[in-house]
Amino acid sequence: MSLVEASEARKARLVALRKRKDGEATDDAAEPIFKTRNFDPESRTIKKHARDDDIEMEDTVEKNVAGLAEKIVQEDKVRQAQELDVFNIAPKRPNWDLKREMEKKLAKLERRTQEAIHTLIRQRLAAQKGQSDDIVGAMKAQEQQQQELSDEED
């Protein structure tokens, strides 16, 4: 359709509209008259049929999930805040692995410490009694024990 034909068709529609407004009968009785309830004069298309008396359903999926997205976003923010809590990240016993590794070494040291304590106690008791021979003998016994322990470790 060319511009000239479109303008002539528009002029004819405007003339027919003026006549109908003034109450004059139209010449073209064969041409269908569009009523505004089904026809949109601005876009010149038929309106979709929409009923005002439609009953709205109470329980629909749209109503059930209306606030679901916002709720999920809020729960996610709360969960992320909890996950970033330092107390939840840090272990309850932060040095448990160090203690596990050191137990074997400490057991040897504890045994040697106890032996050294016993030797010192024996030496003090012997010194209190005035037995100088026992002190020398205790020191020699201590040296022998230390040599035996060093031989066991190797």
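1. From the N terminus on, the elements of the protein run α-β-β-α-α-α-α-α. That order holds six helices and two strands. Keep in mind that this is a predicted model.

2. Start with burial. Buried residues make up 5% of the 154 residues in the protein. A residue counts as buried when its relative accessible area is under 20%. The accessible surface of the protein comes to about 15,000 Å². Carbon and sulfur atoms account for 54% of that surface.

3. Next, contacts along the chain. Take the contacts in the protein with a separation of 6 or more: 20% of them join residues 24 or more positions apart.

4. Helix 1 covers residues 3–22, which is 20 residues. The expected span uses one less than the number of residues, because that is how it is defined. Just after helix 1 comes G23, which takes a positive phi of about 95°.

5. Which residues make the nonpolar surface patch of about 350 Å²? The patch is made by V61, V65, L68 and I72. V61 lies in helix 2, which runs over residues 61–64. The relative accessible area of V61 is 60%. Exposed means over 50%, so a residue at that level counts as exposed.

6. A polar atom of the S150 side chain lies 2.8 Å from the backbone oxygen of Q147. An α-helix has 3.6 residues a turn, so residues three or four places apart point the same way. Is S150 buried, partly exposed or exposed? Its relative accessibility is 31%, so S150 counts as partly exposed.

7. Finally, charge pairing. Side chains of opposite charge can pair when their charged atoms come close. How many salt bridges are there? The count comes to one. R100 forms a salt bridge with E101. The closest N and O atoms of R100 and E101 are 3.3 Å apart. The cut-off is 4 Å, so a pair at that distance qualifies. R100 has 45% relative accessibility and therefore counts as partly exposed.

How values were computed. Residues numbered from 1 in each chain as written. Predicted model: local features only at pLDDT ≥ 70, side-chain atom pairs only at ≥ 80, totals over all residues. Heavy atoms only, no water. Helix = DSSP H or I, 4+ residues; strand = E, 2+ residues; numbered from the N terminus. Buried < 20%, exposed > 50% of the residue type's maximum accessible area, 1.4 Å probe, protein only. Contact = heavy atoms within 4.5 Å. Areas by Shrake-Rupley, 256 points an atom, 1.4 Å probe, with all protein chains shown as cover. Patch = residues over 30% accessible without salt bridge, like charges linked within 9 Å, V, L, I, M, F, W, Y side chains within 5 Å. Salt bridge = Lys/Arg side-chain N within 4 Å of Asp/Glu carboxyl O. Expected span 1.5 Å × (residues − 1). Polar contact = N/O pair within 3.5 Å; in protein donor to acceptor, adjacent residues only side chain to side chain.
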